Amino acid sequence: MKYTLPLIILCLIMSCRSNQEPEEVVNVYSHRHYTADQPLFKKFEDSTGIQVNILKAGADELINRLELEGENSPADILITVDAARLHRAKVKGLLQSVSSSTLNTAVPENFRDQENTWFGLTTRARIIAYSKERVDPTDLGTYEDLTNPKWHGKILVRSSANVYNQSLLASIIAAKGADAARSWASGVVKNMARTPKGNDRDQIRAISDGIGDIALVNSYYIGSLANSSDPADREVAQAVGIHFPNQIDRGTHINVSGAAVTANAPNKYNAILLIEFLTSIESQQVYAQNNYEYPVRQDTSLASILASWGEFKSDPLPLSSLGEYNASAVALFDEVGWR
Amino acid sequence: MKTWLKKVCPTRWEIGLLVLGLGVLAPLIVVVSGLYTDGNGSSWVRTLENLTPRYASQTLALCSGVAICTLLVGSITAWLISFYKFPGRSFFRWAIILPLTIPTYLAAFAYRDFFSSSGIIPGIFRNYGITLGTSEFLDVMNIWGAIFIFSSVLYPYIYLTMKASFSSDVAPYFNTSRLFGLSGTQVLVIVALPLTRPAGVAGVSLALMETINDYGAVHYLGVDTLTVGIFRTWFSYGDLAGAKNLAALLLIGGVILFLIERTNRGNARYDSSSPTATSPRSLKGWRSWLAIAFCGVPVVFGFIFPIGQIAWWASQAQTAAWSSLWAASLTSLSISLLATTLIILIATLLTHGSSTARNLAVRSLASISSLGYAIPGAVIAVGVLVISTVIDQSFLSIVGQGSQYILTGSLAVLVYAYCVRFMAVGLNPIDGAFRQRCSRYDEAASTLGYGPLRILLRVNLPILKPTILAASILVFVDILKELPLTLILRPFNFDTLATLVFESAIDEKVAESAPAALLIVAVSLIPIIFLHRLSQEQK
């Protein structure tokens, strides 16, 4: 008992962060938590000798933390799975502009910020998954078609709280205006098979379970189910087909998962090196093969499963609009009762 | 001179306790004060009009459902175990507590799969080539499912408090009542329930505090509680002011629950001080089968089914990253041990101080420091972050810019946040036992000239030892399962078992998290078994 208190105080003092960072480091705040990422960071460490320190949490929590930490924040890079959050971080002044010709060549203009504050790492399309046995793919056309009464009680989609849906609605606001977007959202709500619950994978499973016939999901989940070690998952993936909406007009809605250098990054140069590494051809191929996401580099060969889904026209909308209209999208969802 | 000073000024002891208590309360104060600086009138109007009705009604519905179910299950099982003998009783005595090892979010993920076509039962049939149909068997992703899932993993709280109360408060009257000709059921309704009402209320309050704080499970199941409202307002709307308003409402609800629990706790404890021999009566025939069923069903739903589903995931998963699992287990174990020691230490000091101090502020400290349990982890995390960044920035302004933060993002801050959040879990049992057993010796010791510290060490600690052990176990298991706080406040490259599970689940690869989930349960099992053996020794 005599020694317990001093011992505890000693432990606490030791658990405070030490000021000595022995070697080169780069500190990453990341919302991505796919298992494909860890080997990439390891590879970067091995080839450059720069240690990668990772903190994983939700993008909003990370942005909040960056705000609270202020000028002395240890973060060098912020990685999110959605462009709207990157835009939000930029608007809050948490990011800085980077000039790197490597990055400008690797990442096409529409997949990075106009002022080079953030760069896309991968893209993902929000597609319509449909039941192969109950739905004729020729009946599917655009996102707007989903409000047609023929889909009453058949649409499965996750909660409006999720950024993927918010960004989809933001893209519709940008394309058609707030009123059209409102009637679209309200039309979809009327056609929902059930109140939104669960994640994208649950929607796909629900198609297989017969609860609904079509679902709005991100493309990579289909790939991940099709290659899952669980035979039940593979069966589910077999039962659904993929449709890329809006091929006849503006194109399918896409979003990026991207990285940005923070405004007060203590290891700015290392941060740029890491982002350049993640957009290199080898890394892009890893993203495609292990996580079924589309690479941002246009000169990467497509993984076979992605190629099997075919080419598609994607919405050329500047991704910063996803961030600009995010607040309106959230308010609209609330108005029409899309839980 | 010395005696005059002693009477007027707070003693060193009291000052130390005040500092300790305030330290635990600080993040809550930060959050509440934010209500006045950030929140303005318009955000409150919007909160009350748009947000509150839906969130409040769902929260009330969930809490009522969970309260009723856990009370029913907890009391009946405690009653059966305490006063009746039937086959399997010694097994059920510890098996009934097993659901405590399963975090609510894990139970939600498991049951979603369990009742669908990708569950363990259809999966086993599939191995033999039989497909059990493709429809979902039962939809748990609604308020009823949530009530069911929460009740199945939270009823042990009520079981523990009721059992302790039955042995100490009711047992003396049990045989007498039977002598007067009352049947078993009549004793239960007329004698036992009124006597144990405080224990029941205390247990239910604890379970309800866990319920309103959960975010992972309710969000996944599609139930919009106040906590979900806070996160949605904060993250989706970016409206920190609105979120803080909802947090204030939640805080009020939590305080009410907390006060109810406090006033009713009285003699409720997790162990019995003077267990009267209950001489359990044997049950024969259909009655014994009924008893087995009543005790078995909660164990099956609360533990067997979820574990079965998770084990099924584990068997289906291709690879498990063993090195990261090992690292995460070590991290989980060490940080839980560290935080538990600290919490128990502070709880013991606060409890002792609150009874021996003459100062009203110090006396009420013990109660108020437990409030952290009623607040969602994320809200506490914001409070803690604000404090640590303020301290760091003022330190840096003295030392000079260019150096790294010392506190923010360190282990110390995370441990501190755990203390704020879980103080109640350690404080409640220790405080209960203290009031019951220790206070009468304090005065005697004090007349013998012992100072407060010596009273604590020499007199009370030995008496409290079993309670302290029991409380340590409960705190340890709770910290092991903790998620939202850890996610927000953790240092770099820091993974606990809970964060591993969460990340796999968020990655929509729930099955990959199975090994980590099983480890959480396995590690939590050890203290539970220890707790059981401890209570055995006392009989």
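## Burial and chain B

A residue is called buried here if 20 or more other C-beta atoms lie within 10 Å of its own, exposed if 12 or fewer do, and partly exposed in between, with C-beta atoms placed from the backbone. By that rule, 54% of the 539 residues of chain B are buried. This is a predicted model, in which local features need pLDDT of at least 70 and side-chain atom pairs count only at pLDDT 80 or more, while totals for chains, interfaces and linings use all residues. Residues are numbered from 1 along each chain as its sequence is written, and chains are lettered from A and ligands numbered from 1 in the order in which they are written.

Chain B has 20 helices and two strands; helices (H or I, at least four residues) and strands (E, at least two) are DSSP runs, numbered from the N terminus. Two residues are in contact if their C-beta atoms, placed from the backbone, lie within 7 Å. Among contacts in chain B with a separation of 6 or more, 84% join residues 24 or more positions apart.

## The largest nonpolar core

A nonpolar core is a set of buried Ala, Val, Leu, Ile, Met, Phe, Trp, Tyr and Cys residues joined through C-beta atoms within 7 Å. The largest one holds 260 residues, and those with the most contacts inside it are Ile77(A), Ala129(A), Val415(B), Ala417(B) and Cys419(B). Helix H16 of chain B (residues 411-447) supplies the largest share, 18 residues.

Let's look at Cys419(B): beyond its neighbours within four places in sequence, Cys419(B) touches Val24(B), Ala339(B), Leu342(B), Ile343(B) and Ile346(B).

## Two domains in chain A

Chain A splits into domain 1 (22-123 + 254-302) and domain 2 (125-253 + 319-336), with bounds that come from an automatic or database domain assignment. Taken over C-alpha atoms, the centres of these two domains are 27 Å apart.

Where they meet, 16 residues of domain 1 of chain A are in contact with 17 residues of domain 2 of chain A. On the domain 1 side, helix H4 (83-91) and strand E8 (254-261) of chain A each give two or more residues, and H4(A) gives the most, with six.

## Helix H15 of chain A

Helix H15 (residues 326-336) of chain A has buried residues Asn326(A), Ala329(A), Val330(A), Leu332(A) and Phe333(A). Seen down the axis of H15(A), they fall within an arc of 160 degrees (from the directions from the helix axis to the C-beta atoms), so they line one face of the helix. Ala331(A) and Glu335(A), on the other side of H15(A), are exposed. After H15(A) comes Gly337(A), with a positive phi near 80 degrees.
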